[in-house]
Amino acid sequence: MSPIAYTATIIAVVVFLFVWNKLPVVVVAMATALALWGTGVLTIGQALGGFGDPAVIFIASLFVVSSGLEVTGVTAWAGQLLIRGAGEESRTRLLLLTMGLVAVLTALISVNGAVAALLPVVVVIAVRLKRNSSQLLMPLVFAAHAGSMLALTGTPVNVLVSDAAVDVGIGSFGFFEFALVGVPLLAGTMAIIILFGEKLLPKRDGATMPADFSRHAKTLVEQYGLATGIYQMRVRASSPYVGTPSSGIDLTATPGLQLVAMQEGETAGPLRGPLIAEGDHLLMRGDAETAAAFAAEKHLAFRDEKAVGQGEETLFNRSSGLAEVVIPPRSGLIGESVFAGMVTESGDLIVLAVQRAGQEIAAHSATRDSGAVVLQAGDTMLLQGTWRALDIHLDDPDVLVVNSPELVRRQAVPMGPGAYQAIAILIAMVLLLATGIVPPVVAGLLAAGAIILTGIMSVEQSYRAIGWTTVILVGAMMPLSTAMVETGAAKLMAEHLVNFVGDAGPVALLAGLFVLTAIMGQLISNTATALIVIPIGVAAATTMGISPRPVLMSTAVAAAAAFLTPIATPTNLMVMGPGGYAFSDYWKLGLPLLIWFFVVAVFLVPMIWHF
């Protein structure tokens, strides 16, 4: 067999395996690269060269930046703005805000990141406003596809198209140049969904709905009896407690007040030093009048006058959080004595309350010397500490964490620690990409490095944040594009395509490429589709003697039109369960959108980027 025949056979098998969907896509992608080497089409360096490609590294860095925005609560903040702005009555306003927000986020942090960040928010909105989740989730995803064409960072396909333009010597696309077609695509998508979406979409709710942690703190403080009567008092410079040991606080004269814990002023973690200092906090529990009198007598200030006595705001905020843990059978903590206000062995967490069979035990009377609770299997404890301490110290086999503090923080703490740094890093990356001062991969690496160096995420967390399936898919499939060019397969297919469209002209070429890309994009990854079609389009443009620029942009638009099946993109599949969708639900709304994308790709694109 000739190299072209080998390449064609490999492409056919790859498409079949993607459609069959029985093997992991990374296995298919890696097998593709190895098959190209095994058949002698490419050298081993060429077959595995995609993993060192700047586009692949740039895509990986975007995952880190996206996760940095999520863990710092920037996306949670955006979601809360959405809830407040949407109101309860207007379907149109709710859809406009939802689609607009996901489109902007997609342009900055990619389709997968934006949809993953807003999916639980939109589901919560559906529950709270008593709307069917199926009416909201597919519009969310389809608007994200349109929003991916607003900027270079919207989708890996945009990066691949821009790199291809550089390779053929016509210069890369600008960061916001994609918006010239992205804005019309998004406007048309919004109009179609608002006008026809209610009739074309089913009215169902998903069998599996993501957990809502937006009221998690309120639930915990109510369950453990801490909803009211909790006060966080700051030690003033004039307080007699300044310079005294922590054991020097005597509350025998104020029986209506209990010292729950002492916290460092800067970290909000348990007091580590031997002496109390100005700015430290005393966490007290009792009635309001007694607490006010005690604060006045000891020169203590309430940390937040608006939240005096409110356990939710006092215990759960940007600096510190709550976690509920269960003592499992065979835990090493069984038989240990604990009490409210006790600092854990790590020195970073405070035991606020202990319950047995759902009932609070020894909450008011337990002390270090008397009344301590001897832990049994099944007991639950409410712990408080900094978010970092909760993340680090609850990874312990002796306890079972009911809800991951990291997941709770991402959804329930808007604009948490590091949020402003994350926004600044995002703005700096966008400016670098928009101005072209440095290559995109350098801008991405600088932004990802800044996320780590500022302490927003650790190196290990950054590894976990990267969507390795996407990275491996792109890196392993890139050699297929190389093989099509090296063997002449792309040129041969381009010649057949040009012969097929005949004298109809370059517009017919765009139409043919759109149909080819769109059909393949409904069955396999749009990234994989783009890697196959891009060299065909470039070769066809060269054969016809026209500029490859409109051909490449039209291909990017076609690749974004992945609307007809749930397997077209990971995000389509992501909402299938929560939205209660069937396979056939996608094409009903997707077909009008596909037609709109066809109009833009075939007729509007050449008006902006001339042949």
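Which residue lies over the face of Phe173? Select Arg549: Arg549 sits 4.6 Å from the ring centre of Phe173. A charge counts as over a ring if NZ of Lys or CZ of Arg is within 6 Å of the ring centre and within 35 degrees of the ring normal.

A word on the source. This is a predicted model, where local features need pLDDT of at least 70, side-chain atom pairs count only at pLDDT 80 or more, and totals for chains, interfaces and linings use all residues. Residues are numbered from 1 along each chain as its sequence is written, and side-chain values use heavy atoms, with hydrogens and water left out.

Now the aromatic pairs. The structure holds nine of them. Rings of Phe, Tyr and Trp (its six-membered ring) pair if their centres lie within 6.5 Å; planes under 30 degrees apart are stacked, over 60 edge-to-face, the rest tilted.

Select Phe514 and Phe598. The pair is edge-to-face, 5.3 Å centre to centre, with 80° between the planes. Phe514 is in helix H21 (residues 506–521) and Phe598 in helix H26 (residues 585–608), 84 residues apart. Helices are DSSP runs (H or I, at least four residues), numbered from the N terminus. Phe514 counts as buried because its relative accessibility is 4%; Phe598, at 26%, counts as partly exposed. Buried means under 20% relative accessible area, exposed over 50%, partly exposed in between (1.4 Å probe, protein chains only).

Next, select Phe563 and Phe597. This pair is edge-to-face too: 5.0 Å centre to centre, 85° between the planes. Phe563 is in the loop between helix H23 (548–560) and helix H24 (570–574), and Phe597 is in helix H26, 34 residues apart. Both Phe563 and Phe597 are buried.

Phe142, Phe563 and Phe597 make up one aromatic cluster.

Key. Helix = DSSP H or I, 4+ residues; strand = E, 2+ residues; numbered from the N terminus.
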